[in-house]
Amino acid sequence: MQLNGKEREVAAGLTVRGLLEGLGLEPALVVVERNREILSRARYDEVTVQEGDRLELVHFVGGGA
Amino acid sequence: MAKTTNQGPESGAEVTVPGGGVVREDPPVVPRTHGKGEVAHETTRVRLAGRGGWVDPALESPPPSLQEMEEEPLVIAGQEFRSRLIVGTGKYSDEGVMVEAIRASGAEMVTVAVRRVDLDRREGILHVLDPKEFALLANTAGCYTAEEAIRYAHMARAAGFNEWLKLEVIGDQETLLPDTQATLEAAKVLVAEGFKVMAYTNDDLIMALRLEEAGCVAVMPLASPIGSGLGVVNPYFIREIKRRLKVPVIVDAGVGTASDACVTMEQGVDGVLMNTALAAADDPVAMARAMRYAVRAGRLAFRAGRMPAREIAVPSSPTRGMLD
């Protein structure tokens, strides 16, 4: 799979929540985009990472213009 | 002095003020009264153009009190803000200083950007910025196409705080000037999706009107390029945009120091958004406080109605009663 633009190996059957927890990220502060579609937080437990998935994990950072 | 004989529907003559804006001198209507009911000798009614065109002070009843003028809130899409200053959160070298500066500025709305999580550092800005303390305004900074801006907008909304969006689509890497056509295109899509779009744009009246028609809740013309600190390079167009639009006009980008913020607000606009002017100051907290005063002073000066500027001296002490 691709995570934030980089290839990454993950265990089969890993849920999105499991992935975030493994990375030490707080699900409430992160937005997950999976194959160009926003994944709602309610689905983090049911959706598992598939081979070839492209995941983007984004959050708010400092910015003006 | 450049003087135009432009006789608009309001039949006011325009006078260019050196270093300032344009004031319009209307034909004498009613004597202005000053202070304790004393009738001033000045019988020319003068107001800075703005605030939706001409309003005869005699028809405004009762006139607003000083307190009313000072406390008049900024209202965007029905939401009231006590501060007319919106600040960005970028470019600070220290997050603690950033939070202190934002508090010193008095701003209630702060802009944030959407970026990939840095998997080595992890921490986003919400570790230091409480969304309960400040209204978060996510931006689409760094986007060069409508499609990209829409994608970032979706991610910002999914963060789950609100549907407010500072839409910006950049058209040129060197000047960071907006691609207004792409901005309009993205605005139409995002407004239809329920976003409260505040659109960053050029100081171009026609595009400002189009963005308003598209349903943007505020239009944000630049004072000068992002991060330039050049101040308002085109006060006339800023005033024209304010005069013609019904939605709030927030000047966004280009303010460098307090006088720039004050001059910006003196054009009659509803608010000002800045980032680098605070973040790049030697003391961001002190500059933030200066900006708070400047925005309030500029707004109040606009509401007060400035004196007409002339290129001749007029004594302010009596010319009679001098000794022989």
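Reader: How many residues does the contact take from chain B and from chain A?

Author: First, this is a predicted model, where local features need pLDDT of at least 70, side-chain atom pairs count only at pLDDT 80 or more, and totals for chains, interfaces and linings use all residues. Residues are numbered from 1 along each chain as its sequence is written, and chains are lettered from A and ligands numbered from 1 in the order in which they are written. Two residues are in contact if their C-beta atoms, placed from the backbone, lie within 7 Å. Counted that way, the contact takes 31 residues from chain B and 19 residues from chain A.

Reader: Which element gives the most to the side of chain B that touches chain A?

Author: Elements here are DSSP runs numbered from the N terminus, helices being H or I with at least four residues and strands E with at least two. Those giving two or more residues to that side are β9 (109–116), β10 (135–139) and α3 (146–158) of chain B. With six residues, the one that gives the most is β9(B).

Reader: And what is the bridge partner of A:H59 in β9(B)?

Author: Strands pair if DSSP finds at least two bridges between them. Strand β5 (residues 54–62) of chain A and β9(B) pair in the antiparallel sense over five bridges. Within β9(B), A:H59 has as its bridge partner B:R115.

Reader: Are α2(B) and α9(B) roughly parallel or roughly antiparallel to each other?

Author: Axes are lines fitted to C-alpha atoms, for helices over the stretch in contact, and angles run from 0 to 180 degrees between N-to-C directions. Under 35 degrees counts as roughly parallel, over 145 as roughly antiparallel, 65 to 115 as roughly perpendicular and the rest as oblique. Helix α2 (residues 95–105) and helix α9 (residues 284–304) of chain B pack at about 20°, with their axes 7 Å apart. So α2(B) and α9(B) come out as roughly parallel.

Reader: How do the residues of the contact of α2(B) with α9(B) divide?

Author: The α2(B) side includes B:V97 and B:E100, while the α9(B) side includes B:P284 and B:R289. Ala, Val, Leu, Ile, Met, Phe, Trp, Tyr, Cys and Pro count as nonpolar, Asp, Glu, Lys and Arg as charged, and the others, Gly among them, as polar. On that basis the contact divides into seven nonpolar, one polar and three charged.

Reader: What about α3(B) and α4(B): how many nonpolar, polar and charged residues does their contact have?

Author: The axes of α3(B) and α4(B) come within 8 Å and cross at roughly 40°, which makes α3(B) oblique to α4(B). Among the residues that meet are B:A146 and B:I150 in α3(B), and B:E185 and B:L190 in α4(B). By class, that contact has eight nonpolar, no polar and one charged.

Reader: Why is helix α7 of chain B largely enclosed by the rest of the structure?

Author: A residue is buried if 20 or more other C-beta atoms lie within 10 Å of its own, exposed if 12 or fewer, and partly exposed in between, with C-beta atoms placed from the backbone. Among the buried ones in α7(B) are B:D260, B:C262 and B:M265. Helix α7(B) (residues 258–266) is largely enclosed because the number of its nine residues that are buried is seven.

Reader: Is A:R36 buried or exposed?

Author: A:R36 is found in the loop between β3 (31–34) and β4 (37–39) of chain A. Its phi is near 70°, a positive value in a residue other than glycine. With 9 C-beta neighbours inside 10 Å, A:R36 counts as exposed.
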